[in-house]
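Visitor: Please show me the model, and tell me what its labels rest on.

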Amino acid sequence: MNVRALGVRLDSAHVLRGLDLDVSAGEWVNVVGPNGAGKTTLLRAVLGLVPYSGSVSIDGIERLRRSARARKVAYVPQTPVIPRGMPVADYVLLGRSPHRSVFAGETAADRRIAAEALARLDLAGFGGRAVQSLSGGERQRTVLARALVQRTDILLLDEPTTALDLGHQQGALDLVEALRRERGLTVIATLHDLTLAARYGDQVAILAGGAIVQRGRPREVLTAANIAKHFGAAVRIIDDPDGPIIVPKAAAPHDFSQHADSMQAPTT
């Protein structure tokens, strides 16, 4: 996938300005940046969901039709739209729609693919439940299952670990990594958790000021200086074989003794 000189204006705000991003087949790139940097807007532009200038090329083709794009790119949004009352099984099967003609129903193969995805995401037995009845973490895994059953070459993940506990964060990202190795899946993910961004995938790209300002291996990009500059955060970096661990620095404790003395009632 190749993005060239991407520009997006939302209302009067220039969110993305001349952004370039190349992601090779089978590569996993995590896009990180401060709130409001335009990470979600970047993914939505790749999907053709927002107007943009510049170019987005998938397999060398620009301006794919929606149906063709859905067979190439799957998306896990932060805030999915879920029809009220829809059972989990039916919602996940929607991911097979791009592979069927307009009036065709799901096949036995579709149902098998959906059941496999639900099982791998620890959702076996949830098929008959309404999606709205699920916990936040269960719902997030259901949305991921729908994207995985599309069987696309490219997977876009927008904060995929939102609402997931630690075990399911690890399980979901481990599954994406396993599928990447099995099928050569290309992954572009946005993540707030910089330690997760460092430990999963191949490269990290910092999005700031509407463009990618640095990209490379996690140890090269996720430095204390870069995090201070682009996130306004003081951190220390713990070197670990699986990738750097980013730990916020606690503020120096204040000496409250003088303040406490000043609050004492005056003597008479």
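**Labels and cut-offs**

Visitor: Why is Trp 28 called buried?

Guide: The relative accessible area of Trp 28 is 0%. Buried means under 20%, exposed over 50% and partly exposed in between, with a 1.4 Å probe and protein chains only. Trp 28 at 0% is therefore buried. This is a predicted model, in which local features need pLDDT of at least 70 and side-chain atom pairs count only at pLDDT 80 or more, while totals for chains, interfaces and linings use all residues. Residues are numbered from 1 along each chain as its sequence is written, and side-chain values use heavy atoms, with hydrogens and water left out.

Visitor: What makes Trp 28 and Tyr 200 an aromatic pair, and of which kind?

Guide: Rings of Phe, Tyr and Trp (its six-membered ring) pair if their centres lie within 6.5 Å; planes under 30 degrees apart are stacked, over 60 edge-to-face, and the rest tilted. Here the centres are 6.1 Å apart and the planes make 35°, so the pair counts as tilted. The structure holds one aromatic pair. Tyr 200 is buried too, at 11%.

Visitor: What does the pair tie together?

Guide: Trp 28 lies in strand E3 (residues 28–32), and Tyr 200 in the loop between helix H7 (194–199) and strand E9 (203–208), so parts 172 residues apart in sequence are tied together. Helices (H or I, at least four residues) and strands (E, at least two) are DSSP runs, numbered from the N terminus. The chain has 10 helices and 12 strands.

Visitor: How do you know that Arg 146 lies over the face of Tyr 91?

Guide: A charge sits over a ring if NZ of Lys or CZ of Arg is within 6 Å of the ring centre and within 35 degrees of the ring normal. Arg 146 lies over the face of Tyr 91 at 5.0 Å from the ring centre, so the distance is within the limit.

Visitor: Which residues lie nearest the centre of the largest pocket?

Guide: Leu 47, Ala 70, Tyr 75, Arg 146 and Gln 150, out of 22 lining residues. The largest share of the lining, four residues, comes from H2.

Visitor: What makes this a pocket rather than a cavity?

Guide: On a 1 Å grid over the protein atoms alone, a cavity is a set of points where a 1.4 Å probe fits but cannot get out, whereas a pocket is an open set with protein on both sides within 12 Å along at least five of seven lines; lining residues have an atom within 4 Å of a point.

Visitor: Why is helix H1 called mostly covered?

Guide: Six of the eight residues in H1 (residues 39–46) are buried, namely Lys 39, Thr 41, Leu 42, Leu 43, Ala 45 and Val 46. After H1 comes Gly 48, with a positive phi near 75°.

Visitor: Which residues touch the most other members of the largest nonpolar core?

Guide: Leu 155 and Leu 157, in a core of 49 residues. A nonpolar core is a set of buried Ala, Val, Leu, Ile, Met, Phe, Trp, Tyr and Cys residues joined through side-chain atoms within 4.5 Å. Apart from this core lies another, of 29 residues, including Val 15 and Leu 47.

Visitor: Where does Ala 163 lie, and is the residue buried or exposed?

Guide: Ala 163 is in the loop between strand E7 (154–158) and helix H6 (166–183). Its relative accessible area is 52%, which makes it exposed. Ala 163 has a positive phi of about 75° although it is not a glycine. Most residues other than glycine have a negative phi.
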